[in-house]
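Here is a protein to explore together, one question at a time.

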Amino acid sequence: MKRALGVDIGGTKIAAAIIDEDMNIYHRSEIPSDPYDKEKMFQQVVKVINNVLNESHLTIQQLEGIGVGVPGILDRESGIALFQNNLPWKDFPIAQRIKDTFSLDKVVIDNDVYMATLAEWSLNGANPNETFVYFTISTGIAVSIIHNGDFIRGMGFAGELGLLPVISGKGHERLEQAASGPSIQRLTNGSMTAKEIFEKYQQNDDYAKSVISQVVESLAHGSYSITCLLDPQKIVFGGGVSNNNPFLLPLIKQKMEEYCIPEQKSAINRMYLSKSKGNAGVLGAGLKVFYS
């Protein structure tokens, strides 16, 4: 069985794991990011890869390669991280640095949301005749689209749903400003974290219910825009906010009922929760090695 190593890099944490061709995950490791210094951040990447290798007792030569999911804008062909909002890697040659460090020929990179999308699409049957959307709600908000087996990338900003203006409690804001994890905390003027708000919501707290109602309205606007533009066979919701609060999707679906015309309402039944949960990034990064 062929195996690869997947790495999922974020502004808060870095995860890595061994992946096989059947999408099984082995020897997963996770460590904090160091997003304030480019070299310290890279050394954290090296550390998490070494953790996985040491746990697996595999050598790098026994792997097909390493796949790396990186936030932001990338030059995938050259393996360069061009720009990220939450990492210090402007024009950073991440692929070549990993090749040099581990004496490895095959290192592939892609945007972290695209990596997660590849994992979810594969877990949902990898149908080459459908339009598939992965909608991540976490520190940021974005979508990625696979149509007829290929990603829709546009000129670089395809899927940046977080930039979409939506109606919110403050009038009009970009979706990421209205409904991401940090934005939920901001809606409370910093008095509660997103986690605390969701906990209070489940305790039937009136204030928490009013905050989550605003968030749901914004997310439903984003979801409905996807339905109107693409009418996909599947929209899969992932990211920390979705994964940790599965009751959020039924609320979004309920709000979508208000927006959809009768002929569109079947789209609501094509909205699903992530199957890979917090492993989407590492799983997709490992799979990318097999597909490249």
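The questions below set values against definitions.

This is a predicted model, in which local features need pLDDT of at least 70 and side-chain atom pairs count only at pLDDT 80 or more, while totals for chains, interfaces and linings use all residues. Residues are numbered from 1 along each chain as its sequence is written, and side-chain values use heavy atoms, with hydrogens and water left out.

Q: What makes the protein chain as compact as a globular protein of its length?
A: First, the secondary structure comes to 10 helices and 14 strands; helices (H or I, at least four residues) and strands (E, at least two) are DSSP runs, numbered from the N terminus. The radius of gyration is 19 Å, close to the 19 Å that the globule rule gives for 292 residues, so the chain is as compact as a globular protein of that length. That radius is taken over C-alpha atoms, and the rule is 2.2 Å times the number of residues to the power 0.38.

Q: Why is tyrosine 201 called partly exposed?
A: Buried means under 20% relative accessible area, exposed over 50%, and partly exposed in between (1.4 Å probe, protein chains only). Tyrosine 201 has 22% relative accessibility, so it counts as partly exposed. Its place is in helix H6, residues 194-202.

Q: Which residues does tyrosine 201 touch, not counting residues up to four places away in sequence?
A: They are Ala208, Lys209, Ile212, Phe247 and Leu251. Contact here means heavy atoms within 4.5 Å.

Q: Why does histidine 172 count as exposed?
A: Histidine 172 has 65% relative accessibility, and therefore counts as exposed. This residue lies in strand S12. Leaving aside neighbours within four places in sequence, histidine 172 is in contact with Val166 and Ile167.

Q: How do you know that S11 and S12 pair?
A: Two strands pair if DSSP finds at least two bridges between them. S11 and strand S12 (residues 171-174) have four bridges, in the antiparallel sense, so they meet that definition. Valine 166 stands opposite glutamate 173 in S12, and the two strands form a hairpin with two residues between them.

Q: What are the two faces of strand S11?
A: In a regular strand the side chains alternate between the two faces of the sheet. In S11 (residues 165-168), Val166 and Ser168 make up the covered face, and Pro165 and Ile167 the uncovered one.
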